[in-house]
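This briefing covers charged side-chain pairs and strand pairing in one protein model. Please have the sequence and the structure open while reading.

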Amino acid sequence: MKVTVSKTNSCTGHRDCVYALTGSNEEHFFSSGADGMVVRWNLDNPDEGELLAQVPTSVYAMKFIEESNTLVVGQNFEGLQLIDVDRKRIEHSMKIENEAIFSIEKINNHLIVGLKTGLVLIVKMDPITPVKRLDFSRESARAVAICKERNEFAIGYSDSKIRIFDFDNFSFKQEIDAHVNSVFTVRYSPDGKFLLSGSRDAQLKVWDTDKYSLQEAIVAHLYTLNDLAFSPNGKHFVTCSMDKSIKVWDYSSLKLIKVIDKSRHAGHGTSVNKLFWSPYNNQLISCSDDRTISIWDLEFS
């Protein structure tokens, strides 16, 4: 299989490292990072971003809730802010703990919020209220993945483990000795058959969700594997790393088919931190410590 990569835009304006990306099925996506700027971008006109909020500390995690047009922002040491995107104002806030927030996902009317302390909070959205604490580790809850097909969600921790929880009552189900270092990203395949994980150990691992047995271990990058994302059609996925590269993989064969980097594609000059593969025009979005956001067109043949 051949993939052609072209960089269509480079979005600038952030004053520091960009750590967080989220988006919708439509033309907008959102970014934030060490400068505390929460910005909305339009894929039809990506040259200028629209500032939605300025928060005083770094943002590592965000989640866009499409049905309510709400952006959930995890602000370090301050807690959660729910931003009304249309009105461009913070509608609700909830103080959590004096710690960094590393991950936010949504199940039905609840948020799953992972903290640097290892604590995971289940938060009801309307009204915004904490309803349950998942206290299984003293090390960071770095990443959350949802599997609706299996009624489960997975959390990757800095103690190198992945823990599986029940979708309905948030009960603990299983623990996986996943990596030899901190788990930075977890993602279920769109068909629910596999859980993919990436770590500071630079490995990509693939787990069969029937028993969470290891199916494949791949040395995917030179340094920390920061994030991974599936294509909208589920046929491909991408990984990104502290080694400054983005890699494109075929899901069915788990084969590497393309490396996107600075020398060949005018890629990022420093660590690539997050990825968002938008269903809108099938464009891939990446953000980096170099303060920029790149928009990529990928054509498969």
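The notes below go through salt bridges, then a hairpin, then a sheet.

This is a predicted model, in which local features need pLDDT of at least 70 and side-chain atom pairs count only at pLDDT 80 or more, while totals for chains, interfaces and linings use all residues. Residues are numbered from 1 along each chain as its sequence is written, and side-chain values use heavy atoms, with hydrogens and water left out.

**Salt bridges**

- The whole structure contains 16 salt bridges (a side-chain nitrogen of Lys or Arg within 4 Å of a carboxyl oxygen of Asp or Glu).
- One of them joins Lys63 to Glu105, with 3.3 Å between the closest N and O atoms. Lys63 belongs to strand β6 (residues 59-65) and Glu105 to strand β10 (residues 101-107), so the pair ties together parts that are 42 residues apart in sequence. Strands here are DSSP runs of E with at least two residues, numbered from the N terminus.
- Lys63 is partly exposed because its relative accessibility is 22%, whereas Glu105, at 14%, counts as buried. Buried means under 20% relative accessible area, exposed over 50%, and partly exposed in between (1.4 Å probe, protein chains only).
- Glu152 and Arg150 also form a salt bridge, at 3.1 Å from N to O. Glu152 is buried at 3% relative accessibility, and Arg150 is partly exposed at 27%.

**A salt-bridge network**

- Asp177 and Lys161 form a salt bridge in which the closest N and O atoms are 2.4 Å apart. Because Asp177 lies in strand β17 (residues 172-177) and Lys161 in strand β16 (residues 161-166), the pair ties together parts that are 16 residues apart in sequence.
- Asp177 counts as exposed, with 58% relative accessibility.
- Salt bridges link Asp159, Lys161, Arg163, Glu175 and Asp177 in a network.

- Strands β20 (residues 203-208) and β21 (residues 213-219) pair in the antiparallel sense over 6 bridges; two strands pair if DSSP finds at least two bridges between them.
- Gln203 stands opposite Val219 of β21.
- The hairpin has 4 residues between its strands, and Tyr212 takes a positive phi near 55°.

**The four-stranded sheet**

- An open sheet of 4 strands runs in the order β22-β23-β24-β25, with antiparallel pairing. Its edge strands, β22 (225-230) and β25 (255-260), each pair on one side only.
- Strand β23 (residues 236-241) is joined to strand β24 (residues 246-250) by 5 bridges, and the two run antiparallel.
- Val238 has Val248 in β24 as its bridge partner.
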